[in-house]
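Subject: Structure handover

Dear colleague,

I am passing the structure below on to you, together with some notes on what was found in it. Please look through it first and then read on.

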Amino acid sequence: MHTSVHLLASAPDQLLPARELMAFTLASHIILVPLGVALPLITLVMHYRGLRHKDTTSLLLARRWSAVMAVRFAVGVVTGTVLSFEFGLLWPGMTGRWGDVFGIGFGVEAWAFFLEAVLIAIYLYGWRRLKPRTHLLLGLPLPATALLGAFGILAANSWMKTPQGFSLDATGNPIDVNIWKAIFAPMFGPQYWHFVVAMLLTAGCMVAGVHAVGRLRRRRHRYHRLGFTVPFTVAALATPVQFVLGDSLARSVFHKQPVRSAAMEVVWKTGTRVPEYLFGPFGDPGNGAGAGVT
(Lines give C-alpha, C1' and ligand atoms only; values in the text may rest on other atoms or scores of the structure.)
Protein backbone atom coordinates (compact mmCIF):
# COMPACT_ATOMS: atom_id res chain seq x y z
CA MET A 1 0.00 0.00 0.00
CA HIS A 2 1.26 3.50 -0.80
CA THR A 3 2.64 5.21 2.29
CA SER A 4 0.35 8.25 2.18
CA VAL A 5 -2.70 6.02 1.82
CA HIS A 6 -1.45 3.86 4.69
CA LEU A 7 -1.03 6.87 6.97
CA LEU A 8 -4.59 8.06 6.23
CA ALA A 9 -6.19 4.63 6.42
CA SER A 10 -7.57 5.17 9.93
CA ALA A 11 -8.29 8.89 9.48
CA PRO A 12 -11.82 10.32 9.04
CA ASP A 13 -13.07 10.51 5.47
CA GLN A 14 -13.16 14.31 5.56
CA LEU A 15 -9.51 14.75 6.62
CA LEU A 16 -7.90 14.53 3.19
CA PRO A 17 -10.44 16.85 1.44
CA ALA A 18 -10.01 19.35 4.29
CA ARG A 19 -6.24 19.30 3.86
CA GLU A 20 -6.53 19.66 0.09
CA LEU A 21 -8.92 22.61 0.34
CA MET A 22 -6.74 24.35 2.93
CA ALA A 23 -3.63 23.72 0.83
CA PHE A 24 -5.28 25.19 -2.28
CA THR A 25 -6.33 28.35 -0.44
CA LEU A 26 -2.93 28.77 1.18
CA ALA A 27 -1.18 28.28 -2.16
CA SER A 28 -3.38 30.99 -3.69
CA HIS A 29 -2.89 33.35 -0.77
CA ILE A 30 0.89 33.00 -0.42
CA ILE A 31 1.40 34.29 -3.98
CA LEU A 32 0.09 37.66 -2.81
CA VAL A 33 2.03 37.79 0.45
CA PRO A 34 5.45 38.95 -0.88
CA LEU A 35 3.87 41.98 -2.51
CA GLY A 36 1.98 42.74 0.69
CA VAL A 37 4.97 42.49 3.01
CA ALA A 38 7.82 43.85 0.88
CA LEU A 39 6.32 45.99 -1.90
CA PRO A 40 5.50 48.90 0.48
CA LEU A 41 9.18 49.14 1.43
CA ILE A 42 10.36 48.96 -2.18
CA THR A 43 7.78 51.58 -3.17
CA LEU A 44 8.86 53.94 -0.39
CA VAL A 45 12.51 53.56 -1.38
CA MET A 46 11.60 54.63 -4.91
CA HIS A 47 9.36 57.41 -3.56
CA TYR A 48 12.19 58.76 -1.39
CA ARG A 49 14.57 58.63 -4.34
CA GLY A 50 12.13 60.61 -6.45
CA LEU A 51 11.75 63.35 -3.85
CA ARG A 52 15.45 63.52 -3.03
CA HIS A 53 16.58 63.83 -6.65
CA LYS A 54 13.40 65.53 -7.91
CA ASP A 55 13.08 62.65 -10.35
CA THR A 56 9.68 62.40 -12.02
CA THR A 57 10.41 58.88 -13.32
CA SER A 58 11.01 57.57 -9.80
CA LEU A 59 7.80 59.20 -8.57
CA LEU A 60 5.86 57.73 -11.49
CA LEU A 61 7.16 54.25 -10.66
CA ALA A 62 6.32 54.67 -6.97
CA ARG A 63 2.82 55.82 -7.82
CA ARG A 64 2.16 52.89 -10.14
CA TRP A 65 3.58 50.41 -7.64
CA SER A 66 1.31 51.86 -4.97
CA ALA A 67 -1.68 51.09 -7.20
CA VAL A 68 -0.48 47.49 -7.50
CA MET A 69 -0.08 47.45 -3.73
CA ALA A 70 -3.71 48.50 -3.26
CA VAL A 71 -5.05 45.93 -5.73
CA ARG A 72 -2.96 43.22 -4.08
CA PHE A 73 -4.39 44.20 -0.71
CA ALA A 74 -7.97 44.00 -2.00
CA VAL A 75 -7.45 40.53 -3.49
CA GLY A 76 -5.57 39.41 -0.39
CA VAL A 77 -8.58 40.38 1.71
CA VAL A 78 -10.64 37.80 -0.18
CA THR A 79 -8.20 34.90 0.16
CA GLY A 80 -7.38 35.82 3.77
CA THR A 81 -11.07 35.90 4.70
CA VAL A 82 -11.57 32.47 3.14
CA LEU A 83 -8.65 31.16 5.21
CA SER A 84 -10.10 32.53 8.43
CA PHE A 85 -13.38 30.72 7.77
CA GLU A 86 -11.55 27.52 6.85
CA PHE A 87 -9.82 27.41 10.22
CA GLY A 88 -13.17 27.24 11.96
CA LEU A 89 -15.04 25.11 9.42
CA LEU A 90 -12.36 22.58 8.51
CA TRP A 91 -10.58 22.29 11.85
CA PRO A 92 -13.26 22.99 14.50
CA GLY A 93 -11.73 20.62 17.04
CA MET A 94 -8.33 22.28 16.94
CA THR A 95 -9.59 25.86 16.95
CA GLY A 96 -12.21 25.14 19.59
CA ARG A 97 -9.70 23.62 21.98
CA TRP A 98 -6.53 25.57 21.29
CA GLY A 99 -7.84 28.83 19.85
CA ASP A 100 -7.42 30.67 23.16
CA VAL A 101 -3.67 29.99 22.94
CA PHE A 102 -2.53 30.31 19.32
CA GLY A 103 -5.40 32.67 18.40
CA ILE A 104 -3.46 35.50 20.02
CA GLY A 105 -1.32 35.74 16.90
CA PHE A 106 -4.38 36.04 14.68
CA GLY A 107 -5.62 38.86 16.87
CA VAL A 108 -2.37 40.75 16.31
CA GLU A 109 -2.67 40.14 12.57
CA ALA A 110 -6.23 41.49 12.57
CA TRP A 111 -5.11 44.79 14.14
CA ALA A 112 -2.27 45.04 11.63
CA PHE A 113 -4.73 44.36 8.80
CA PHE A 114 -6.99 47.28 9.71
CA LEU A 115 -4.06 49.63 10.21
CA GLU A 116 -2.63 48.64 6.85
CA ALA A 117 -5.99 49.24 5.15
CA VAL A 118 -6.18 52.78 6.51
CA LEU A 119 -2.55 53.59 5.66
CA ILE A 120 -2.80 52.22 2.11
CA ALA A 121 -5.91 54.35 1.52
CA ILE A 122 -4.15 57.48 2.80
CA TYR A 123 -1.02 56.77 0.77
CA LEU A 124 -2.88 55.93 -2.44
CA TYR A 125 -5.16 58.96 -2.38
CA GLY A 126 -2.48 61.33 -1.12
CA TRP A 127 -0.51 61.60 -4.32
CA ARG A 128 -2.28 64.76 -5.49
CA ARG A 129 -3.86 65.81 -2.20
CA LEU A 130 -0.93 66.04 0.23
CA LYS A 131 2.36 67.88 0.30
CA PRO A 132 5.15 65.62 -1.05
CA ARG A 133 7.05 65.38 2.24
CA THR A 134 3.88 64.81 4.29
CA HIS A 135 2.76 62.16 1.84
CA LEU A 136 6.02 60.25 2.18
CA LEU A 137 5.99 60.49 5.99
CA LEU A 138 2.46 59.11 6.14
CA GLY A 139 3.58 56.14 4.06
CA LEU A 140 6.51 55.24 6.32
CA PRO A 141 4.39 53.16 8.77
CA LEU A 142 3.24 50.88 5.93
CA PRO A 143 6.21 48.46 6.06
CA ALA A 144 5.86 48.31 9.86
CA THR A 145 2.19 47.29 9.66
CA ALA A 146 3.03 44.67 7.04
CA LEU A 147 5.73 43.25 9.33
CA LEU A 148 3.28 43.33 12.26
CA GLY A 149 0.81 41.25 10.25
CA ALA A 150 3.52 38.75 9.42
CA PHE A 151 4.50 38.75 13.10
CA GLY A 152 0.99 37.68 14.14
CA ILE A 153 0.61 34.94 11.55
CA LEU A 154 4.05 33.46 12.17
CA ALA A 155 3.51 33.60 15.93
CA ALA A 156 0.47 31.35 15.48
CA ASN A 157 2.28 29.11 13.00
CA SER A 158 5.40 28.70 15.12
CA TRP A 159 3.28 27.86 18.18
CA MET A 160 1.64 25.02 16.24
CA LYS A 161 5.12 23.61 15.59
CA THR A 162 6.57 24.13 19.07
CA PRO A 163 3.62 24.72 21.45
CA GLN A 164 4.23 26.25 24.86
CA GLY A 165 2.83 28.86 27.26
CA PHE A 166 -0.09 26.95 28.79
CA SER A 167 -1.08 24.28 31.29
CA LEU A 168 -3.69 21.54 30.98
CA ASP A 169 -6.60 20.96 33.33
CA ALA A 170 -7.96 17.58 34.36
CA THR A 171 -9.93 17.27 31.12
CA GLY A 172 -6.94 18.10 28.89
CA ASN A 173 -8.02 21.64 28.01
CA PRO A 174 -5.49 24.50 28.08
CA ILE A 175 -5.50 26.88 31.05
CA ASP A 176 -3.17 29.52 32.53
CA VAL A 177 -2.12 30.84 29.13
CA ASN A 178 1.13 32.81 29.16
CA ILE A 179 0.75 35.26 26.28
CA TRP A 180 4.44 36.00 25.81
CA LYS A 181 5.49 32.37 25.80
CA ALA A 182 2.65 31.49 23.43
CA ILE A 183 3.68 34.22 20.99
CA PHE A 184 7.44 33.71 21.20
CA ALA A 185 7.50 29.96 20.69
CA PRO A 186 10.93 28.35 20.13
CA MET A 187 10.48 28.31 16.34
CA PHE A 188 9.26 31.90 16.08
CA GLY A 189 12.59 33.73 15.69
CA PRO A 190 14.13 31.50 13.00
CA GLN A 191 10.85 31.40 11.06
CA TYR A 192 10.09 35.12 11.26
CA TRP A 193 13.38 36.50 10.03
CA HIS A 194 13.68 33.85 7.34
CA PHE A 195 10.18 34.77 6.15
CA VAL A 196 10.76 38.54 6.14
CA VAL A 197 13.97 38.33 4.11
CA ALA A 198 12.34 35.79 1.78
CA MET A 199 9.55 38.28 1.08
CA LEU A 200 12.04 41.03 0.27
CA LEU A 201 13.91 38.71 -2.05
CA THR A 202 10.77 37.42 -3.75
CA ALA A 203 9.04 40.77 -4.18
CA GLY A 204 12.25 42.37 -5.44
CA CYS A 205 12.65 39.69 -8.09
CA MET A 206 8.96 39.83 -9.05
CA VAL A 207 8.95 43.60 -9.59
CA ALA A 208 12.35 43.57 -11.27
CA GLY A 209 11.15 40.77 -13.55
CA VAL A 210 8.30 42.90 -14.89
CA HIS A 211 10.69 45.65 -15.90
CA ALA A 212 13.24 43.14 -17.19
CA VAL A 213 10.60 42.00 -19.68
CA GLY A 214 10.15 45.62 -20.73
CA ARG A 215 13.88 45.94 -21.35
CA LEU A 216 13.99 42.67 -23.30
CA ARG A 217 11.29 44.05 -25.58
CA ARG A 218 13.76 46.77 -26.54
CA ARG A 219 12.08 49.35 -24.34
CA ARG A 220 15.42 50.50 -23.00
CA HIS A 221 14.36 53.90 -21.76
CA ARG A 222 15.04 55.01 -18.21
CA TYR A 223 11.65 53.97 -16.82
CA HIS A 224 12.34 50.23 -17.11
CA ARG A 225 16.02 50.57 -16.28
CA LEU A 226 15.23 52.30 -12.99
CA GLY A 227 12.26 50.03 -12.32
CA PHE A 228 14.56 47.04 -12.63
CA THR A 229 17.57 48.38 -10.73
CA VAL A 230 15.97 49.39 -7.41
CA PRO A 231 13.96 46.22 -6.64
CA PHE A 232 16.70 43.97 -7.98
CA THR A 233 19.20 45.69 -5.68
CA VAL A 234 16.90 44.99 -2.71
CA ALA A 235 16.70 41.32 -3.74
CA ALA A 236 20.45 41.08 -4.29
CA LEU A 237 21.18 42.50 -0.84
CA ALA A 238 18.69 40.08 0.74
CA THR A 239 20.11 36.97 -0.95
CA PRO A 240 23.33 36.42 1.08
CA VAL A 241 21.43 37.21 4.29
CA GLN A 242 18.89 34.55 3.37
CA PHE A 243 21.63 31.94 2.99
CA VAL A 244 22.57 32.43 6.64
CA LEU A 245 18.97 32.59 7.89
CA GLY A 246 17.98 29.52 5.88
CA ASP A 247 20.81 27.52 7.40
CA SER A 248 19.80 28.72 10.88
CA LEU A 249 16.17 27.72 10.29
CA ALA A 250 17.14 24.26 9.03
CA ARG A 251 19.28 23.71 12.12
CA SER A 252 16.40 24.85 14.35
CA VAL A 253 14.05 22.37 12.68
CA PHE A 254 16.60 19.59 13.18
CA HIS A 255 17.05 20.30 16.88
CA LYS A 256 13.55 21.43 17.90
CA GLN A 257 11.38 19.39 15.50
CA PRO A 258 13.24 16.16 14.81
CA VAL A 259 10.09 14.38 13.59
CA ARG A 260 9.42 17.12 11.06
CA SER A 261 13.05 17.04 9.97
CA ALA A 262 12.78 13.28 9.43
CA ALA A 263 9.58 13.74 7.41
CA MET A 264 11.28 16.35 5.21
CA GLU A 265 14.11 13.89 4.59
CA VAL A 266 11.65 11.01 3.96
CA VAL A 267 13.16 8.98 6.79
CA TRP A 268 10.51 6.47 7.85
CA LYS A 269 12.35 4.66 10.63
CA THR A 270 13.95 6.09 13.75
CA GLY A 271 17.68 5.50 13.90
CA THR A 272 21.07 6.96 14.72
CA ARG A 273 23.60 8.45 12.31
CA VAL A 274 20.94 8.66 9.62
CA PRO A 275 22.46 10.28 6.48
CA GLU A 276 21.00 13.43 5.01
CA TYR A 277 19.60 12.94 1.52
CA LEU A 278 19.23 15.34 -1.36
CA PHE A 279 15.77 14.96 -2.92
CA GLY A 280 14.96 12.17 -0.43
CA PRO A 281 15.73 8.46 -0.47
CA PHE A 282 14.11 6.79 -3.47
CA GLY A 283 13.70 3.33 -1.97
CA ASP A 284 11.21 1.24 -0.06
CA PRO A 285 9.57 3.50 2.55
CA GLY A 286 9.10 0.47 4.72
CA ASN A 287 12.78 0.04 5.50
CA GLY A 288 14.07 3.57 4.89
CA ALA A 289 16.65 2.40 2.36
CA GLY A 290 17.13 4.35 -0.82
CA ALA A 291 19.40 5.45 -3.57
CA GLY A 292 19.42 9.12 -2.72
CA VAL A 293 22.56 11.22 -2.91
CA THR A 294 24.24 11.58 0.47
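From the N terminus on, the elements of the protein run α-α-α-α-α-α-α-α-β-β-α-α-α-α, which comes to twelve helices and two strands; helices (H or I, at least four residues) and strands (E, at least two) are DSSP runs, numbered from the N terminus. This is a predicted model, in which local features need pLDDT of at least 70 and side-chain atom pairs count only at pLDDT 80 or more, while totals for chains, interfaces and linings use all residues. Residues are numbered from 1 along each chain as its sequence is written, and side-chain values use heavy atoms, with hydrogens and water left out.

As for the whole protein, the C-alpha trace spans about 65 × 45 × 30 Å along its principal axes. Of its 294 residues, 37% count as buried, where buried means under 20% relative accessible area, exposed over 50%, and partly exposed in between (1.4 Å probe, protein chains only). Among contacts (heavy atoms within 4.5 Å) between residues at least 6 apart in sequence, 68% join residues at least 24 apart.

A search of the whole structure finds four salt bridges, a salt bridge being a side-chain nitrogen of Lys or Arg within 4 Å of a carboxyl oxygen of Asp or Glu. One of them joins Arg-222 to Asp-55, with the closest N and O atoms 2.7 Å apart. This pair links distant parts of the chain, since Arg-222 is in helix 11 (residues 222-256) and Asp-55 is in the loop between helix 4 (39-53) and helix 5 (56-90), 167 residues apart. Asp-55 is buried, with a relative accessible area of 9%, whereas Arg-222, at 34%, counts as partly exposed.

Another salt bridge is formed by the side chains of Arg-72 and Glu-116 (3.8 Å, N to O). Arg-72 lies in helix 5 and Glu-116 in helix 6, so the pair ties together parts that are 44 residues apart in sequence. Arg-72 is buried at 11% relative accessible area, and Glu-116 also counts as buried, at 9%.

Within helix 11, the side chains of Arg-251 and Asp-247 meet in a salt bridge (2.8 Å, N to O), and these two residues are four residues apart, about one turn of the helix. Arg-251 is exposed, with a relative accessible area of 51%, while Asp-247, at 39%, counts as partly exposed. Salt bridges that share partners also join Arg-49, Asp-55 and Arg-222 into one network.

Two residues deserve a look for their backbone angles. Most residues other than glycine have a negative phi. Phi of Asp-176, however, is near 50 degrees, a positive value; this residue is found in the loop between strand 2 (174-175) and helix 9 (179-183), and at 58% relative accessibility it counts as exposed. Val-266 likewise has a positive phi, of about 55 degrees, although it is not a glycine; Val-266 is found in the segment after helix 12 (258-264) and, at 28% relative accessibility, counts as partly exposed.

Lastly, there is Val-210, which lies in helix 10 (residues 188-216) and counts as exposed at 56% relative accessibility. The C-alpha atoms of Val-210 and Val-230, which are 20 residues apart along the chain, are separated by 13 Å.
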